[in-house]
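Subject: Structure handover

Hi,

Here is the structure for you to look over. My notes follow below it.

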Amino acid sequence: MNSSAPSAASVALLQSLVERIDVGIFAVDRAGSVALWNRFMAVHSGKSSANMLGQNLFAMFPELPRPWLEKKLESVFVLGNNAFTLWELRPYLFRFPHNRPLTGGLDAMRQNVTFLPLRTSGGEVTLVCGTIFDYTDTAMAQLGLHDAIAALNQEKDAQRQLIAKLETAQNQLLQSEKMASIGQLAAGIAHEINNPVGFVNSNLQTLKKYCEQMLKLIAAYQPAEARIDDPEILAEITAIKRALDLDFLQEDLPDLIKESEDGLFRIKKIVEDLKDFSHVDEADWQHADLNAGLDSTLNVVWNEVKYKATVDKNYGQLPAVECLAAQLNQVFMNLIVNAVQSLDESRGMGTITLSTGHQDDMVWVEVKDTGQGMSEDVQKRIFEPFFTTKPVGKGTGLGMSVSYNIVQKHHGRIELASVIGEGTRFRIWLPVKQGEPAAQ
Amino acid sequence: MSMEIINSDQRDALQEIANIGMGQAGASIAQVLGTFVELSVPQIRAVDAAEIPATLAALAGDGVASAVRQAFLGELRGEAIVIFAEHSASDLADLLSYGDALDAPASRELLLDISNVLVGACLGGIAELLRAEIGFSAPSLLADQVATSKLLQADAIAARCALLVEVRFGLEKRVFRCHLVMLMPEDAITALRLALDRFIEEL
């Protein structure tokens, strides 16, 4: 700087640069008198350099935050280092109109200002120069981004709430679907069956006792036969005994009663199955025999099945599967009921084949029917909630969607093969053991 | 903590320069703020990059703090970080002629302003003694009222290790407390070594 004096030409060049540069440049001395005011400042403030030079900055711009700015300038004079203001924190130093009088935007030009110490040859800071950069476009872009991010966050929040709602709704649907299909069936049938079974069982026990007593009496009469003198009576007894085949009758009667008891026991078992099946609250993971589950489910819906289809069972050996047994039973029931409903009654009895099997760490349960089959379109949509091919009021359209979710929860999958006119086969694959987090 | 980044002569020189620089800085800051400033003796040490966040947290103590960073450029290169304990910075609002009502942007601007004054005075003083030409970037907010352990993330640091010069500030009869930490990355320390050697030779 102090080596050789710059030439007049380079001074003129510098002057022209300061004047023309698209940055606001001004300088003040320690008393606040303006020593430099370039064209940018003049254009934007409407005060020419001729008007400004030598004037007190604060007198000319009374709206400036005077104590703060004086302190800022003072720190530059004292420390000899730059000082700054940023548009994000202080939108502007001078309130200048922005560069979009027509297309709109912000209320005033956004400015970053740097205050520079200007030293004389002695090293003393004699002037502080302010450089004003127009950040309006950046500010507008950033505000736009801010708005966009805020909108996104809002949307995200709304979505999160919606997902939570959806989850609740789905749980409710799952629950209500259970209640609708099982609750009705189970409660109704169990109640209806329990009463007659109760008195039949009680009567049968009495009947059994009576029969035993009668047989005892007859046995007691047997030796007395030899003492009957009247040949007519003796002949009649012998004839009746022969006609009745009394020996066989005596043998068969206890068997018949025993078989009736067995039958009643089976009916009780079905009622128990119904109760087991509708244990809605039993949400514990357990190790269950799926073949047994399939059987008890079949018992529950047997009334729906028996006049429409014959059931072939083709069960394989299955290990105990870690599962929510009551929920899987619900899946089996859905599949069996759907299979029955797909049968074309005009073609007589259909066939439903229940098969199970085991492969590596997975077991599978298959329900196959000889029904109408499904079109590609239906196959694609079968797991959608509220999708149904049944007449209005007949199906909720939730069965398959609920089943799908239950199988998902077991980390399993459902395979589907269907041919129009030939039938449909659903195969559920389930892992024997659940992964670490799901277990217990 | 090993000091292999600079040798013991260089370290002594740097300590002396920092001491003198802080004395001068204290006087300038007092002139700007119009109040007496308490400065600690600068502590100099080398730290691994991974240790920097923990070191800063240890300086700031428990609780929450804010931090401002500012780069210094030129012959000496690095970043200065000023850590403000809790809300103690608002205690200085009147000294820098901020109004009574400090809204959020104004209180952040105040942090930047104080940092600019402290960093400019301290580092400017050191650079001047080393006869090194340096400039400063605009300060920016690194952390605003966060737990001291989260002031700086280790993975945000590009350097492998750094030279750390730490000074504590306090003001008489005020709660204001802050730490100024000057961090120079490993690869910028060669220039510092040269400047220190030059300083030692000229003694």
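How many residues does the contact take from chain A, and how many from chain B? Chain A gives 15 residues and chain B gives 17 residues. Bear in mind that this is a predicted model.

On the side of chain A that touches chain B, two elements give two or more residues: α5 (66–79) and β3 (83–85). α5(A) gives the most, with seven residues. By type, this side of chain A divides into eight nonpolar, four polar and three charged residues.

Next, the cores. The largest nonpolar core has 95 residues. B:Val82, B:Ile83, B:Leu118, B:Cys122 and B:Leu180 touch the most other members. Helix α3 (residues 104–129) of chain B supplies the largest share of this core, 12 residues. Leaving out residues up to four places away in sequence, B:Val82 touches B:Ala67, B:Val68, B:Ser115, B:Leu118, B:Val119, B:Cys178 and B:Leu180. There is also a second, separate core of 29 residues. Among its members are A:Ala325, A:Leu343, A:Ile352 and A:Leu354.

Last, a helix pair in chain A. Helix α9 (residues 290–305) packs with helix α10 (residues 325–342) at an angle of about 45 degrees, and their axes are 9 Å apart. At that angle, α9(A) is oblique to α10(A). The crossing is right-handed. Residues in this contact include A:Leu294, A:Val301 and A:Glu304 of α9(A), and A:Leu328, A:Phe332 and A:Ile336 of α10(A). The residues of this contact divide into 13 nonpolar, four polar and one charged.

Best wishes

Definitions and conventions: Residues numbered from 1 in each chain as written. Chains lettered and ligands numbered in written order. Predicted model: local features only at pLDDT ≥ 70, side-chain atom pairs only at ≥ 80, totals over all residues. Core = buried A, V, L, I, M, F, W, Y, C linked by C-beta atoms within 7 Å. Buried ≥ 20, exposed ≤ 12 C-beta atoms within 10 Å, placed from the backbone. Helix = DSSP H or I, 4+ residues; strand = E, 2+ residues; numbered from the N terminus. Contact = placed C-beta atoms within 7 Å. Axes fitted to C-alpha atoms, helices over the stretch in contact; angles between N-to-C directions. Parallel < 35°, antiparallel > 145°, perpendicular 65-115°, else oblique. Left-handed = near helix turned anticlockwise from the far one by under 90°. Nonpolar A, V, L, I, M, F, W, Y, C, P; charged D, E, K, R; others polar.
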